[in-house]
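This report examines how one chain of a protein assembly meets its neighbours. Please keep the sequence and the structure in view while reading.

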Amino acid sequence: MSGRVMAETLLKVDGLQAWYGESHILHGVGFEIGRGELVTLLGRNGAGKTTTLRSVMGIVERRTGSVKFAGRETIREPSNVIARQGIAYCPEERGIFSSLNVEENMLLPPQVKAGGMSLGEIYELFPNLKERRRSQGTKLSGGEQQMLAIGRILRTGATMLLLDEPTEGLAPVIVQRIGEVIRTLKSRGFTILLVEQNFRFAATVADRHYVMEDGRVVDTMAAADVQANVGKLQAYLGV
Amino acid sequence: MNRTLVAVVLAVLALVAPWFFYPVFLMKALCFALFACAFNLLLGYAGLMSFGHAMFFGMAAYFFGHMVKVWGWPIELGLVAAVLGAALLGLVTGALAIRRQGIYFAMITLAFAQMIYFLCVQMPFTGGEDGLQGIPRKPLFFGLIDTENDYVLYYVVLVIFLFGFGAIYRFIHSPFGQVLKAIRDNEQRAVSLGYEADRYKLLAFVLSAAVAGLAGATKAMVVHFATLTDVAASTSGEVVLMALIGGLGTITGPVVGGFVLVAMQDYLAFVGQLVLVIQGAIFVVIVLGARRGLVGEFSAWWKARRRPG
Amino acid sequence: MGSCNIFELSTQLLFSQLLLGLINGAFYAMLSLGLAVIFGMLNVINFTHGAQYMMGAFAAWLMLTELNIPFWGALILAPILVGLFGILIERLMLKRIYHLDHLYGFLLTFGLAQIIEGLFQWRWGSSGAPYQSPIAGGYNLGFMYLPAYRGFVVIAALVICLATWFAIERTRLGAYLRAATENPTLVRAFGINVPRLITLTYGLGVGLAALAGVLAAPIQQVSALMGTNLVLVVFAVVVIGGMGSIMGSIVTGFGLGLVEGFTKVCYPPGSNTVIFVVMALVLLVKPAGLFGQTK
């Protein structure tokens with residue numbers, strides 16, 4: 001989308017470093033996301049994409065640098081405070097609670113701001129979840145659990161969603177459905193940071209891409225430029 | 001630190017100690033130190049914290065007392081039989097307790113010890129609330145060693161201590177001990193390599209019970225009695241405290257801890273009930289701030305000193 | 001003891017012992033419930049539970065003798081006071097050791113229990129003080145005589161246990177608790193103040209223990225050691241039940257109380273140890289506990 005003016009910056013990451021114990025995972029990550037944009041972090045396994053997401057969310061204890069959400073510095077804050085600024089997280093492992101049923105899972109994340117989707121609206125987006133709402137959370141199929149993981153954060157009023165590999169391990173039909181859902185969410189005004197290894201899927205939803213390698217952002221491209229750079233992307237991702 | 005130098009110094013200290021401290025105090029300390037070593041074998045090397053070790057200590061004391069006083073057996077046989085009895089008890093309770101790990105294991109051993117305690121309250125052979133009094137000290141080795149003499153008995157107890165300590169030391173440094181360490185560090189890996197983790201843990205448990213039994217029987221010999229306190233939960237808690245004070249998972253830690261605790265109980269006897277409060281406070285302080293114990297902290301300090309500044 | 005044929009036994013003896021067993025079971029259930037809830041959230045086995053139960057009973061006794069606050073007032077005030085004390089313990093001490101091996105939590109709470117009991121023992125001795133029953137009299141039911149207060153205790157315990165179950169399984173806060181037990185990091189990332197939830201849970205578990213203590217005061221003598229003796233048995237109850245489910249803890253507690261009562265009728269010397277024997281059997285057959293799940 002060349003010629004498009006970038007909207008106001010919602011998330012600005014600068015010089016982000018992160019450690020798990022002694023392991024130094026992120027070596028100075030920097031990128032920006034505008035309000036309403038869908039941006040992906042691409043990269044192979046171990047590049048630091050999930051750690052970046054977790055650092056933005058405040059889950060990684062030891063982190064330095066700058067992460068500004070809506071102009072407010074969050075690098076020192078615990079994850080529950082960051083969530084209340086309006087960021088919601090959908091983890092790679094989905095994190096569906098087995099001791100809760102589907103509806104309890106759906107209702108668990110509290111409302112952090114006004115303006116979230118209603119339960120009815122979410123069930124419209126995911127009708128099969130409405131059918132299974134009394135089932136134990138973990139009795140759902142992989143695809144249904146992924147939808148639940150996405151669905152439950154839509155109620156919170158969060159304006160920015162962090163999605164970690166939502167299509168991993170899912171059948172092509174479900175992947176397509178999730179792509180539709182993500183495009184719908186974008187059209188409703190959500191700002192989305194998406195982590196993906198599957199760049200072809202990412203290309204169907206994103207405005208811009210960042211490529212990560214060894215804990216750093218090494219490249220960036222707009223959606224329009226992906227076709228021209230398939231070879232380069234393949235090399236980055238090791239496919 | 002030069003290992004041989006340390007060993008020589010300790011040996012000399014051990015030999016002359018009864019001329020500086022009351023032999024009975026030293027003997028009690030040695031017994032509890034051995035008890036703590038037995039506990040620590042299980043914790044430090046098998047990763048299992050038993051909160052019921054008093055059952056081995058106390059039952060062996062009762063067994064020994066009964067055989068020597070009531071059945072008239074010689075001391076040597078009494079000791080062996082008490083140790084075997086403790087080992088057998090260890091086998092039975094261990095086989096069941098090992099089925100769970102960590103916290104559950106601790107609770108199970110605690111529960112079994114409590115069961116033994118209740119049984120001891122009821123069984124006539126323990127003498128109930130009064131305990132088994134008047135356990136005689138008979139001469140050893142066909143009358144050659146007069147154990148009535150506290151000074152002589154001290155050396156006998158020292159030998160027993162060294163024997164027990166040596167058994168633990170040999171075990172730790174044997175192939176069994178190495179496997180146990182591997183299991184403690186990464187059980188899944190050890191199992192995938194073909195080792196039956198439970199068998200090794202049980203072996204450690206039984207050995208620990210046996211040495212604890214040796215300590216208990218020797219204690220009964222030294223102080224002439226075995227009572228319900230010896231099988232009580234408080235004694236189980238005390239051996240944990242000894243290991244904590246000295247340093248969990250160190251070889252010499254429990255010995256230090258044993259001496260410190262017995263000394264503390266003797267010298268603080270005048271505060272009566274408050275000793276329990278003080279012991280509890282030490283527990284809390286160590287867990288919160290000094291988890292390496294006296295030996296552990298000293299080692300760390302010593303190593304830090306030698307590092308070039 | 002001859003045969004233990006139910007039909008041959010005196011019904012008076014049988015039912016009065018079963019009632020006693022039910023009462024013991026009520027306390028086993030309440031205490032193992034508190035332990036299970038605390039363990040689920042904090043991964044700490046709260047050895048101090050027995051001391052906190054004792055503190056509840058003492059609070060009731062002190063309130064009556066020093067401040068003239070009757071039983072019904074103590075029933076509300078004591079758990080709050082002791083619960084606040086529990087919150088203090090969690091904030092000052094337990095919080096610091098969550099990152100360590102769970103055994104350290106056991107050791108810390110053991111040390112705390114010793115301090116508390118030692119202090120109470122030093123100040124008030126080990127012999128017990130009586131506490132007057134707030135409900136006098138009883139009912140002659142024909143097959144047995146039911147002391148009114150004891151009947152009240154069983155019903156109160158059932159209500160408390162079921163209310164706790166309901167709070168955890170059917171309310172929003174309970175959902176937060178269950179989710180935080182499973183995955184505290186994610187729950188926190190949703191915006192819930194998990195550390196505060198943990199503190200609250202410990203406070204509630206402790207309050208539950210103190211509440212049991214108040215209920216126990218008219219039945220047992222209020223003494224410094226009343227808690228430890230009980231909590232050691234409760235550990236066995238907990239191992240038998242397996243801390244996997246709330247309902248499981250409740251059923252196991254009451255059930256074992258009945259088993260104990262029944263043993264008292266048929267084979268009195270075994271009543272002290274029967275629960276431990278059951279524990280041994282359960283370990284042989286189902287080590288995870290009757291209602292437990294191997295994690």
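How many salt bridges does the rule find across the interface of chain C and chain A?

## Basis of the report

This is a predicted model, in which local features need pLDDT of at least 70 and side-chain atom pairs count only at pLDDT 80 or more, while totals for chains, interfaces and linings use all residues. Residues are numbered from 1 along each chain as its sequence is written, chains are lettered from A and ligands numbered from 1 in the order in which they are written, and side-chain values use heavy atoms, with hydrogens and water left out.

## Chain C and chain A

The rule finds one salt bridge across this interface, a salt bridge being a side-chain nitrogen of Lys or Arg within 4 Å of a carboxyl oxygen of Asp or Glu. It joins the side chains of A:Glu104 and C:Arg178, at 2.9 Å from N to O. Between chain C and chain A there are also seven residue pairs in polar contact, both residues being at pLDDT 80 or more. A polar contact is a pair of N or O atoms within 3.5 Å; within protein, one must be able to donate a hydrogen and the other to accept it, and residues adjacent in sequence count only if both atoms are side-chain atoms.

On the chain C side, helix H6 (172-182) and helix H7 (184-189) each supply at least two residues. Helices (H or I, at least four residues) are DSSP runs, numbered from the N terminus. The largest share, six residues, comes from H6(C). The area buried between chain C and chain A is about 1,700 Å², and carbon and sulfur atoms give 59% of it. Buried area is the accessible area (1.4 Å probe) that two parts lose on being put together, summed over both.

## Chain C and chain B

Here 40 residues of chain C are in contact with 36 residues of chain B, contact meaning heavy atoms within 4.5 Å. About 3,700 Å² is buried between chain C and chain B, with carbon and sulfur atoms giving 80%. C:Leu103, C:Leu107 and C:Gln114 supply 16% of the area that chain C buries against chain B, more than any other three residues.

Across this interface the rule finds zero salt bridges and four residue pairs in polar contact, both at pLDDT 80 or more. Helices H4 (102-124), H9 (226-241) and H11 (274-285) of chain C each supply at least two residues of the side that touches chain B. H4(C) gives the largest share of that side, 15 residues.
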